[in-house]
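Dear colleague,

Please find the structure below for your records. My notes on it follow directly after.

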Amino acid sequence: MPKEMDGGEKHMTRKEQKEERRKAILITALTLFVEHGYHDTKITDIAKAVPMSTGLLFHYFASKEELLLELVKMGAESTKALNAGEAAAIPPDIFLTKFLEQLFSYAKEQPWVFNMFVLMSQARRNGMPEEARQVALSVESIEATAKMIKAGQKTGVFRRGDAMLLSRCFWASVQGIMEEMAMDKEMKTPDPGWIMGILLSSPK
C-alpha cells in the first residue's frame, strides 16, 4: 500500500479503507506473480511490498492460492465484453477493432492490465493451483471470437479459413503484445489495424 494512502484513509469510511487495502494487495500480488513467478513469490513478500503486516494481509486473503484465484477470476470476468459484443448488432470487424483500441488505451492508463494478460497465460499451465487453473481454462475468448470471425466470413469482411485457427492467431498476437508491453513500459501501443490484418480479407 503506497504511503500516500495512509493520510487519505483518514477521510475514508472503514469500508472504503478495507476496499482500498484489498485492491492494493491484489495489484501488488499481481505484479510480484508476474515479475518473480507465482511459485517463487511468498505471502510475506506480498505483505512487505504493499506494505502491511503478514497478519493483517491474512485478514483479507487466507492464502497465496486464494489471492491467485481472485486475480484469475478478475481476468476471466473482463472477457465477458467479448460475449456481449457477439450478441450486439455491431459488425464483427468494427467491434474487434474498437475492442483493441479500448483495450490498449485502458491498459496504458492502468498498467496492471498488461500483467493480467501475463498471469492468465501462466495460470493455464500445469503445476498451477488447480482451481485457479480451471477458471483460467474456462475463458472462452477464442471461441467467442471464432463465432464473430465466422459471421464476418459470411459477409466477406474476414478472410477464408479455419475460424478457430484464425481466432487463435489473433489472440496469440494480442497476448504477445500485452506481454511485451508488460516488460517494456515505454513501448508504444500498436495500431489495431495491424492485428486486424490477420483476420481481414484482402481487397480485390
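Ala136 touches Val72, Met120, Ala123 and Arg124, leaving aside residues up to four places away in sequence; contact means heavy atoms within 4.5 Å. Please note that this is a predicted model, in which local features need pLDDT of at least 70, side-chain atom pairs count only at pLDDT 80 or more, and totals for chains, interfaces and linings use all residues. Residues are numbered from 1 along each chain as its sequence is written, and side-chain values use heavy atoms, with hydrogens and water left out.

Ala136 belongs to helix α9 (residues 130–137); helices (H or I, at least four residues) and strands (E, at least two) are DSSP runs, numbered from the N terminus. Ala136 counts as buried because its relative accessibility is 0%, where buried means under 20% relative accessible area, exposed over 50%, and partly exposed in between (1.4 Å probe, protein chains only). From Ala136 to Arg124 the C-alpha to C-alpha distance is 5.7 Å, and the two are twelve residues apart in sequence.

Turning to helix packing, the axes of α7 (residues 92–109) and α11 (residues 163–183) come within 12 Å and cross at roughly 15°. Axes here are lines fitted to C-alpha atoms, for helices over the stretch in contact, and angles run from 0 to 180 degrees between N-to-C directions. The crossing angle therefore makes α7 roughly parallel to α11 (angles under 35 degrees count as roughly parallel, over 145 as roughly antiparallel, 65 to 115 as roughly perpendicular and the rest as oblique). In α7, the residues that meet α11 include Phe99, Leu103 and Lys108, and their counterparts in α11 include Trp171, Val174 and Met181. By class, this contact has twelve nonpolar, no polar and one charged residues; Ala, Val, Leu, Ile, Met, Phe, Trp, Tyr, Cys and Pro count as nonpolar, Asp, Glu, Lys and Arg as charged, and the others, Gly among them, as polar.

As for the whole protein, it has twelve helices and zero strands. Its C-alpha atoms fill a box of roughly 65 × 40 × 30 Å along the principal axes. Of its 204 residues, 41% are buried.

With kind regards
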